[in-house]
Amino acid sequence: MTSRMDPLRPSDPLSLGPYTLVGLLGQGGMGTVYLAERDGRYVAVKMLRVDISADPEFRGRFRSEVNRAREVPSSCTAEVLDADPDHENPYLVTEYVDGPSVADVVFFEGPMDGPALHGLAAGVATALVAIHGAGVIHRDLKPENVLLPDGGIKVIDFGIARAMEPTSRHTRTDQLVGTVDYMAPERFDDSVGEISTAADVFAWGAVVAFAGLGRTPFAADSPGATAARILTQPPRIDDLPLPLRDVVARSLAKNPADRPTAAELLAMVNGETPVPPAARQTRPRRLVPLLAAVAVLLLIAGGLAAVFFDRGAGAAGSALTGWGYDGRPYITPHQVGTATDWDPATVATGSAHVCAVRADRGLWCWGTSSRGELGMDQRGDEMYAPRRIGDASWASVAAGRNTTCGIRSDGSLWCWGVSLAGDLDLPVRVGGDTDWASVSTGAGSTCGIRTDQSLWCWGRNEAGQLGQGDQQTRPGPVRVGTEQWRSVSIRTTSTCGVRTSGSLWCWGLSDKGQTGQGVVPDVLSPARVGDATSWTDVRAGDRYSCGLQDTGSLWCWGFNRSGRLGTGDTTDRLEPTRAGDQDGWRALSTGTDLACGVRADTTLLCWGENTRGDLGSGDRASRSTPTPVSGPPGWAGVSTGDVSTCGVRTDGTLWCWGYNIDQQLGAVLLTPAALDPGTSWTGVGVGRMSVCAVRDDATLWCGFANGQGQLGLGDVEPRATLTRVGSASDWATVTLGRYNACGLRTRGSLWCWGDNDSGVLGLGDTRDRAEPARVGAGTTWTQVSTATGHTCAVRTDATLWCWGINDAGQLGTGTTTGTSTPQQVAGAGGWASVSVKGDRSCGVRTDATLWCWGEGGPDRPEQVGADANWRSVALGSQYACGIRTAGTLWCWGENGHGQLGLGDRDSRALPQRVGTGTGWTSVTSGSAHSCGTRTDGSVFCWGFNGDGQLGVGDTEDRATPAEVPGVRGRQVTAGWFTTVTLG
């Protein structure tokens, strides 16, 4: 296996200085790497991105990087040969290393083991010793930057390396350079530590884990979720072999000071020194404002839109209208659903999920389900709108970081999500007692009070937060002393409680004075805070605490960055300090770096960090004094978490605001809404959290989530609005997969971009593309459909070609071997259109016959029935719908939500007619719902409606087509939980 190279694109230069460019090797956040030739020698040339080369700050950064890179020995790195920082497009020339990357090896050959894995670990550690010895921090160590030429290992790409000084004049706190999966915690949160060589050691551990496991140790669905896991969760490396696993664990310590140096790392890998025991976590962890700085405005989230828009000359434009899941962040309160019976005392906001109890004592949860915290026996995907958890009756609920606990009406206590016993997908009872009165859960630790007012804690105890006088983990509830307690609150690694005497006590981590004992070592047992006996409630935040006294006065203490103490400044306080001079506070909630409270006059006020908009003030400016939330008074309760806030009004309605990347705001559009008023569009594609659309001037615009470059804008930065892609004005259609996209231009060329792990882009490799790249130069295409793992397209000669994953035979090539380049589908040609979704493909031929393949069926096209009267087909998740030439609608497959439109929920193996009418003009299928248009422009939807994706004003499923009121459209596109129409 050798290095993989793509041909130059039309936008690429032909030369840089004396170097003739031969091909494209890769593209990163700051530049593009080319294979070049000079005097018969091949070299690698990295050119600074054109759009930032004029920026003096970036040019200065590039110059300093070049000077440092020259000092790095070339034994295990690519030697720096030349550079021209003053060129119109500054570039760096290094030795060309002909060998595959670790990423390529793992993709094509699987995870490494034995001597190969050990050799990789030792080789990369050796390279880091050389790099750090020259005063350089790599900052972007990842599998793509570790090459494996014959007989060696080479670490490449110092394009974003920095001098070791942690306060480099080229560094800004709002700039993020690197690849999220391999970034150390301090890259996101400067309170964890300054960026140093320890960040590279962390990346080393992530690279070695990837090589040995085939995945990164903190892998998640999105960059934001990955960053959250890096900050808050232990690495998942249990399957790595010993003793290498212990070395990797040391390198992935949250605290930079707990990681070995590169030299110590190498000695451990080689067995020259023993691996010390893993250091105890000494700092609390939080989801930081930087995640909000890269947060995306998610207008709508969809699935694998595979609808083809035929753009002819003079095609008329239409308005863009959508309904269903609404992933936009909100900086003012947004109502969750229409219910008016939420219990204000029970709303609980966690790190990325929310739970609350309604008047009938039913428990409802929504947001992320990455660790089972929703209690719904499912993990990995988010829940976009509130879902009831079973049919039990609940009294209260508490949400922490990936953990939820609740007390049922019979007094029994149940917990789910992260636990010492592993992740729990369903509520599990804690003991057999039925006398629990209240519960609070944090980051792996939980405390509760029983009806006899005794206090019990269990779980993690690294800072003494369980109050047992030690730092030993407790798998089950243990009593804290013999005293009686009124309330308790635990957030991360600190706990506070109020005893029945009205005295205040705190314990656990005290590095910022959050226990009220000053900056002292961990407080292992409850310690009294002051002499007052007038405390009524207390809430522990992240490295700070706030409490209420019987006069209704508000007091806070501890860490005060961003003004989270509400004292009018940002100075830390080592003892309770009054926030404001007003009394009348009656409810209080503390989050990661902000707090909120409700006053007796029903006004809701918040203060602290606000870059995510979770103060609800209508802007993103932080506040150091309590500031009213936008809108009128009338609040009954509030709960603020890591990145979002929810509150219940006196009329029983529930409202949420702030960050929404994990759908914790529960926002859905139950009825159609204009998505971009005043603009005329001819085509649209919807990805999981991204949207691309073609305007009536044939320009392409994309927006919102962009973690894999699926917006085609040359980077992986999200966009808050639809943004023009390049300068081309000849786009005809666009279609999106989960994190990838493809589009056709008016002359028939096919272009794809975004995530490419499976070769779904058809470009001959598995490297992501952050801007459109042409598929099959010299060929022309008429239609394309793309899914998460594979793509199929029809050429102008009516042949059908597919590429990507093929484990279920979904490519139709007669094998189950995947490919990253287009391969012709087996059998005769004569194809008119194709649709792909999941592991299945279907297509209509020019003779109007229907053919399907994949998903446990044939590995080549097989005709569906004997009829030759099919006009189109649209695949959903394990089901399909199609229109026949007479305008009749037919569906078949899975039918658990009525997505076949047949009036029941029975699956069908063969096409069944939907209703008796004709006049259907188009149909589209999402995850579990379908929509279609009729000749009069009316739009009908049916199937799953949990997120309002049917547009009928509620969240009830429909087993027969239901007309979407007030909408007329000529084309409709159904995503996973969203529907968009052009009309």
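Hi everyone, a quick note on conventions. Residues are numbered from 1 along each chain as its sequence is written, and side-chain values use heavy atoms, without hydrogens or water. Since the model is predicted, local features need pLDDT of at least 70 and side-chain atom pairs count only at pLDDT 80 or more, while totals for chains, interfaces and linings use all residues.

Let's start with the sheet. It is open, with four antiparallel strands in the order β45-β46-β47-β48. Strands here are DSSP E runs of at least two residues, numbered from the N terminus, and two of them pair if DSSP finds at least two bridges between them. β45 (731-736) and β48 (769-775) are the edges; each has a single partner strand, so one side of each lacks a neighbour in the sheet. Inside, β46 (residues 740-745) and β47 (residues 750-754) pair over five bridges, and Gly-743 sits opposite Trp-751 in β47.

Now, how many disulfides does a search of the whole structure find? There are 13, counting cysteine sulfur pairs within 2.5 Å. Here are three of them. Cys-405 and Cys-415 are joined at an S to S distance of 2.0 Å. Their S-S torsion is about 110°, so this disulfide is right-handed. Cys-405 lies in β18 and Cys-415 in β19, so the pair ties together parts ten residues apart in sequence. Both cysteines are buried, meaning under 20% relative accessible area with a 1.4 Å probe, protein chains only.

Next, Cys-447 and Cys-457 also have sulfurs 2.0 Å apart, and their link is right-handed, with 110° about the S-S bond. Finally, Cys-546 and Cys-556 form a right-handed link, again with 110°, and both are buried. Thanks, everyone!

Terms used: Buried < 20%, exposed > 50% of the residue type's maximum accessible area, 1.4 Å probe, protein only.
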